[in-house]
Amino acid sequence: MDVQTAVGLHNVSKRFNGIPVLENVTIEMQKGKFITLLGPSGCGKTTLLRLIAGFYEPDAGEIRIEGKKVNDLPPSKRDTPLVFQDYALFPHMTVVENVSYGLRIAKTGRDEIQRKVGEMLRVFNLEGLENRFPKQLSGGQQQRVAFARALVMGSDILLLDEPLSNLDAKLRIDVREELKAIQKRFGITMVYVTHDQEEALAISDTIIVMNKGKVMQTGSPQKIYRRPANRLVADFVGCANFIKGTVVPSSESELAVRAGNALIRVPAGQSGRHPGENVTLLLRPEGITLRPLDGQENPGGEPAENDVWGTVVDSSFLGRVARYRIEALETTFTVDDPDFSIDMNDRKRVLLHLDHKNIYLIPEAAS
Ligand SMILES: Nc1ncnc2c1ncn2[C@@H]1O[C@H](COP(=O)(O)OP(=O)(O)OP(=O)(O)O)[C@@H](O)[C@H]1O
């Protein structure tokens, strides 16, 4: 593991009562990055975070922090504070007493405590609330106190377990943006657990997608969204349309896929498949454009390349876009249309044009 690695896990496994919860997990978390562990409920995210913090011991494998093996170090010696969703503030202490707690235990001098606590209160917008008790604060303010208390000790790594899930949607977005700005400003490595894929896409430098105790994919939000490693990742992160088809002979460098009466050309560079192979294509809702079909459909013929004929079965207004549900190719597509080009009340035949550059062939074998 190189010096750029803040936290490294090598073949880490953990069981509870004989049941595997994490299996052979190997991850390198880069220093100074916002790293998100994303996955469905029960996939082992919290367990992974607690292993890093030292609250659990791995059954197998090695955990390294800043290059040093920490398997046998207790949480207090790891310098990896963990912030939970329920804040865990001391109810009988004021904001200042909560934030300064760790420094007082460490017998830090008065002036230094004042300076460090003052800086944290400024950073987290808590000035003026110094003498309030937790119950006199809003949820967002309590969460900020919890962040301040965790960061005041100057740790380079901060672990966060769904810290915003008690906040309402709007506040959640505000606080996550503050958190991201603070992470950047101080160059801290933040390891953040969430099951909210939209949140993960918005704030992360790196997303680690987990499922059933295993790492499915690690990458930037763009990579995870546009180039998912498998169907599961594609389905879990963002809204996905899948088209199952068969590779057909094509004279060009691009691959062609036949699905029903549609012929779909996949961009070059995604080849490596052979005629006759079954494949799955991914299209995101914004990668499809819609047009009314208005009787141009030729009953005996085929649609043009990368076009699909379908029928609108449902629509909803999402503000920036209209979202349509469209039956086509024996599945139901979700399509987002920013131009509101189809009457939302009309259940009519439409043409779906699959934008060539947005067609992605999922690397795994079609199931
Ligand atoms: N202390 C424990 N004893 C026994 N089983 C546990 C313990 N902690 C977690 N588990 C089990 O391990 C699995 C993974 O739990 P974990 O909390 O890590 O998942 P998670 O991905 O964080 O889920 P969520 O998003 O719901 O918090 C679950 O099946 C859970 O029931």
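This is a predicted model: local features need pLDDT of at least 70, side-chain atom pairs count only at pLDDT 80 or more; totals for chains, interfaces and linings use all residues.
Visitor: How many helices and strands does the protein have?

Guide: Both are DSSP runs, numbered from the N terminus: helices are H or I, at least four residues, and strands are E, at least two. The protein has eight helices and 20 strands. Its C-alpha atoms fill a box of roughly 85 × 45 × 35 Å, taken along the principal axes.

Visitor: Which strands form the open sheet, and in what order?

Guide: Strands of a sheet pair through backbone hydrogen bonds, either parallel or antiparallel. Here, two strands pair if DSSP finds at least two bridges between them. Six strands make an open sheet, ordered S6-S7-S8-S3-S9-S10, with mixed pairing. Strand S6 (82-83) and strand S10 (214-219) stand at the edges with a single partner strand each, so one side of each has no neighbour in the sheet.

Visitor: How many bridges join S3 to strand S8?

Guide: Five, and the two strands run parallel. Leu37 is opposite Val193 in S8. S3 also pairs with strand S9 (residues 206-211), in the parallel sense, over four bridges. In S9, Ile35 has Thr206 as its bridge partner, and Thr36 has Ile207.

Visitor: Are the residues of S3 buried or exposed?

Guide: A residue is buried if 20 or more other C-beta atoms, placed from the backbone, lie within 10 Å of its own; it is exposed if 12 or fewer do, and partly exposed in between. Five of the five residues of strand S3 (residues 34-38) are buried, so S3 is largely enclosed by the rest of the structure. Of the 367 residues of the protein, 37% count as buried.

Visitor: Which residues of S3 lie on each side?

Guide: In a regular strand the side chains alternate between the two faces of the sheet. Phe34, Thr36 and Leu38 are on one side of S3, Ile35 and Leu37 on the other, and all are buried.

Visitor: Which residues surround the ligand?

Guide: Among them are Phe16, Asn17, Gly42, Lys45, Thr46 and His195. Helix H1 (residues 45-53) gives the largest share of the shell, three residues.

Terms used: Residues are numbered from 1 along each chain as its sequence is written. A residue is near a molecule or strand if its C-beta atom, placed from the backbone, lies within 6 Å of it.
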